[in-house]
Amino acid sequence: IHDNYKEAMKRLIRKRNDMLYKGVGGAADKDPNAVDYYQLLDVEEIYRKTFGDDFVKWYLKTLQPNEALFRLADEAGVVLLPANGFGTAEPSFRVSLANLTEMDYVKIGRAVYTIGKEYFDEYRKSKK
């Protein structure tokens, strides 16, 4: 019974992770050794894939390290932690996959995408 519970929890957490990335607009990397209880969103890599290298260079040069996190909290009501305390490069966000519904994780992912899109629009305006 213990193994059944453990496997069920792994499936649930991994499904939440998949839904988080669905909201962002990409697919989660599959690491069979990952704990999965927390997800570290590499925003730099996500935005590079979505909006391109030039945008990411502008993003890194223009924004303060936690500016996007504060904006995410203020505008979308999504509170995430900076992931730099967990051995990752800036900008990365730490998401707990412990206790929300799958649709909540889609909303979190969508908010991360939307903030990036808003910054991308600012970037495009700055290039005109």
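**Group meeting: the fold and one buried glutamine**

If we read along the sequence, the protein chain follows the pattern α-β-α-α-α-β-β-α, and please keep in mind from the start that this is a predicted model. Counted up, the protein chain has five helices and three strands.

Let me turn to the overall dimensions. The C-alpha trace of the protein chain spans about 60 × 25 × 25 Å along its principal axes. For 128 residues, a compact globule would have a radius of gyration near 14 Å, and the protein chain, with 15 Å, agrees with that.

As for charge, the chain carries 21 positive and 20 negative charges, and their mean positions are 3 Å apart. If we take the contacts between residues at least 6 apart in sequence, 67% of them join residues at least 24 apart.

Is Gln-39 buried or exposed? Its relative accessibility is 14%, and because buried means under 20%, Gln-39 counts as buried.

What does Gln-39 touch, once we leave aside its neighbours within four places in sequence? Its contacts are Asn-17, Leu-20 and Tyr-21, together with Phe-93, Arg-94, Val-95 and Leu-97. With Tyr-21 there is also a polar contact, in which the side chains of Gln-39 and Tyr-21 are joined at 3.1 Å.

Note on methods
Residues numbered from 1 in each chain as written. Predicted model: local features only at pLDDT ≥ 70, side-chain atom pairs only at ≥ 80, totals over all residues. Heavy atoms only, no water. Helix = DSSP H or I, 4+ residues; strand = E, 2+ residues; numbered from the N terminus. Rg over C-alpha atoms; globule rule 2.2 N^0.38 Å. Contact = heavy atoms within 4.5 Å. Lys, Arg positive; Asp, Glu negative; His and termini not counted. Charge placed at Lys NZ, Arg CZ, Asp CG, Glu CD. Buried < 20%, exposed > 50% of the residue type's maximum accessible area, 1.4 Å probe, protein only. Polar contact = N/O pair within 3.5 Å; in protein donor to acceptor, adjacent residues only side chain to side chain.
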